[in-house]
Amino acid sequence: MQGKAVFLDRDGTIIKDKVYLRNPEGVEILPGAGEAIGMLNSLGLPVIVVTNQSGIARGYLSEERLGMIHERLEYLLREDGARLDAIYYCPHHPEGIIPEYKRDCTCRKPSPGMLEMAAKSFSLKLAECYMVGDKDIDMETIHRVGGKGILLGYNKNLESGVAVEYVARDLKDAVRWIIKDLTS
Ligand SMILES: [Mg+2]
């Protein structure tokens, strides 16, 4: 498993997508997501969240508040026996209203900046990594570094013609596919 990791989008992948979630109480783990992450933990594969949080640049929530949301997320996952190795987030947006976050950056997905940061910390070979997400940009992000993309949700997104290695019903289905792919 050396050099490999699974990147996970946050909203619509691990938790319910509430569109600019601002409160820790609003964190709702999707069915089976904790168990799925636990399966990756057992394999010793780093599980790394990469999430665009332009709500920070837009002035909807502070980085401190986001930290509380992520503490809640990790608490709820622990109850399911699961753990995240890291959470990377991009607080920027070119049209933000908070000056320190208003910019074109290299971390906002589909740019692979967050993956590259993780690669340094975890000594990853990104071309051997996976990304699970519910949007085209998640697939584009991992494809830019040569890894494999698993898109959540039948019947959606695919109309755009986005390339994916697998379309999964949910995170558990995605993880089962990854485990099969790792051992084939
Ligand atoms: Mg998402």
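Trainee: Where in the chain does Tyr101 lie?

Mentor: Tyr101 sits in the loop between β3 and α3, where helices (H or I, at least four residues) and strands (E, at least two) are DSSP runs numbered from the N terminus. Bear in mind that this is a predicted model, in which local features need pLDDT of at least 70 and side-chain atom pairs count only at pLDDT 80 or more, while totals for chains, interfaces and linings use all residues. Residues are numbered from 1 along each chain as its sequence is written, and side-chain values use heavy atoms, with hydrogens and water left out.

Trainee: Is Tyr101 buried or exposed?

Mentor: Tyr101 counts as buried, because its relative accessibility is 12%; buried means under 20% relative accessible area, exposed over 50%, and partly exposed in between, with a 1.4 Å probe and protein chains only.

Trainee: And what is Tyr101 in contact with?

Mentor: Leaving out neighbours within four places in sequence, Tyr101 is in contact (heavy atoms within 4.5 Å) with Ile56, Ala57, Glu63, Pro91, His92 and His93.

Trainee: What does Ser54 touch?

Mentor: Apart from residues up to four places away in sequence, Ser54 touches Tyr20, Cys90, Pro91, His92, His93 and Arg108. Ser54 belongs to the loop between β2 and α2, and it counts as buried because its relative accessibility is 6%.

Trainee: Switching to α2, how far apart are its end C-alpha atoms?

Mentor: They are 24 Å apart, and this agrees with the 24 Å that the 17 residues of helix α2 (residues 63-79) should span at 1.5 Å a residue; the expected span is 1.5 Å times one less than the number of residues.

Trainee: Which residues of α2 are buried?

Mentor: The buried residues of α2 are Leu66, Ile69, His70, Leu73, Leu76 and Leu77. Seen down the axis of α2, they fall within an arc of 120°, so they line one face of the helix; the arc is taken over the directions from the helix axis to the C-beta atoms. The elements that cover these buried residues include α1 (33-43), β2 (47-52) and β3 (86-90).

Trainee: What does the face turned away from the buried side of α2 carry?

Mentor: That face carries the exposed residues Glu64, Glu71, Arg78 and Glu79. After α2 comes Gly81, which has a positive phi, near 75°.

Trainee: Which residues of α4 are buried, then?

Mentor: In α4 the buried residues are Asp138, Met139, Thr141 and Ile142, and, seen down the axis of α4, they fall within an arc of 160°, so they line one face of the helix. Their cover includes β1 (6-8), α3, β4 and β5 (148-152). Gly146 follows α4, and its phi is positive, near 85°.

Trainee: What does Cys129 touch?

Mentor: Cys129 touches Gly3, Lys4, Ala5, Phe7, Leu124, Ile142, Gly147 and Lys148, again without residues up to four places away in sequence. Cys129 lies in the loop between α3 (113-122) and β4 (130-133) and is buried, with a relative accessible area of 1%.

Trainee: Which residues other than glycine have a positive phi?

Mentor: Val19 is one of them, with phi near 55°, and Ser123 is another, with phi near 50°. Val19 is in the loop between β1 and α1 and is exposed, with a relative accessible area of 56%, while Ser123 is in the loop between α3 and β4 and is exposed at 58%.

Trainee: Why point these out?

Mentor: Because most residues other than glycine have a negative phi, and most peptide bonds are trans.

Trainee: How much space lies in the largest pocket?

Mentor: About 340 Å³ lies in the largest pocket. Of the 19 residues that line the largest pocket, the closest to its centre are Asp11, Asp17, Tyr20, Asn52 and Lys135. On a 1 Å grid over the protein atoms alone, a pocket is an open set of points where a 1.4 Å probe fits, with protein on both sides within 12 Å along at least five of seven lines, and lining residues have an atom within 4 Å of a point. Grid points are joined across faces, edges and corners, and the volume is the space filled by probe spheres set on the points. β2 and α4 (136-144) each supply at least two residues of the lining.
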